[in-house]
Amino acid sequence: RNWRDIPVDAQPRSLQSRGAAITVAMVAVALGFTCCENLLYVHVYSQHELLLKAFILIERALAPVHVICAAIQSIGVCRHVLEKDEKATMGNILKPAILLHGTFDFVLTALSFLIHDEVAAWATATVVAFLVMFAGIFYLYRESKAQRERLKSLDHQITVDQSSLI
């Protein structure tokens with residue numbers, strides 16, 4: 001039997017609590033992936049000196065794009081699983097995160113090709129990448145706030161429905 005088939009009112013935790021658990025789990029996986037990717041990037045793909053490798057790691061840690069993308073995806077997963085929204089398909093769950101990550105990667109790659117001065121390319125790419133990242137954070141904040149309100153309302157409806165049975 002699938003856990004999604006258990007009626008919501010038979011589940012002991014609130015929808016808000018379950019939504020937070022889904023988000024925490026997805027963000028934890030993204031953090032693990034990010035750590036592995038950053039270590040590979042610095043130790044395998046980079047031939048720089050140790051100090052520059054440390055600087056690259058710090059810079060990459062300040063731009064947690066995978067974590068933001070996972071949190072954005074968790075909103076869609078919660079919408080599908082907890083809110084039973086049929087519009088929350090796999091494509092709609094992935095679309096905002098793919099757009100954010102793709103834009104982030106495109107900006108970094110395009111600027112490295114367009115600007116031939118290494119320092120100017122790095123500085124410009126860093127500024128633009130942070131702008132893209134902050135746009136993702138703003139989107140995440142707005143969508144998660146709206147979802148918390150929806151889940152709060154659903155939790156209230158469940159409580160009212162359960163109390164009417166008494």
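The following dialogue asks what backs the terms used for this predicted model.

Student: What makes a feature count in this model?
Tutor: Since this is a predicted model, local features need pLDDT of at least 70, side-chain atom pairs count only at pLDDT 80 or more, and totals for chains, interfaces and linings use all residues. Residues are numbered from 1 along each chain as its sequence is written, and side-chain values use heavy atoms, with hydrogens and water left out.

Student: What does the pLDDT say about the chain?
Tutor: pLDDT is the predictor's confidence in each residue, from 0 to 100. The chain averages 85, and 90% of the residues score at least 70. Where pLDDT is low, the predicted coordinates should not be read in detail.

Student: How many helices and strands does the chain have?
Tutor: Five helices and zero strands, in the order α-α-α-α-α along the sequence. Helices (H or I, at least four residues) and strands (E, at least two) are DSSP runs, numbered from the N terminus.

Student: What is the span of α2 set against?
Tutor: The expected span is 1.5 Å times one less than the number of residues. Helix α2, residues 50-61, has 12 residues and reaches 16 Å from first C-alpha to last, close to the 16 Å expected. For α1, with 29 residues, the reach is 42 Å, close to the expected 42 Å.

Student: Which residues of α2 are called buried, and why are they placed on the same side?
Tutor: The buried ones are K53, I56 and E59. They cover an arc of only 125° around the axis, so they lie on the same side of α2; the arc is that of the directions from the helix axis to the C-beta atoms. An α-helix has 3.6 residues a turn, so residues three or four places apart point the same way. The face turned away from the buried side of α2 carries the exposed residues L50, L51, I58 and A61.

Student: Why is K152 called partly exposed?
Tutor: Buried means under 20% relative accessible area, exposed over 50%, and partly exposed in between (1.4 Å probe, protein chains only). K152 has 47% relative accessibility, so K152 counts as partly exposed. K152 sits in helix α5, and its C-alpha is 6.5 Å from that of Q16, 136 residues apart along the chain. Buried residues make up 31% of the 166 residues in the chain.

Student: Which residues of the lining of the largest pocket are closest to its centre?
Tutor: Of 31 lining residues, those closest are Y41, E59, R60, L108 and W122. α5 gives the most to the lining, with eight residues.

Notes
On a 1 Å grid over the protein atoms alone, a cavity is a set of points where a 1.4 Å probe fits but cannot get out, and a pocket is an open set with protein on both sides within 12 Å along at least five of seven lines; lining residues have an atom within 4 Å of a point.
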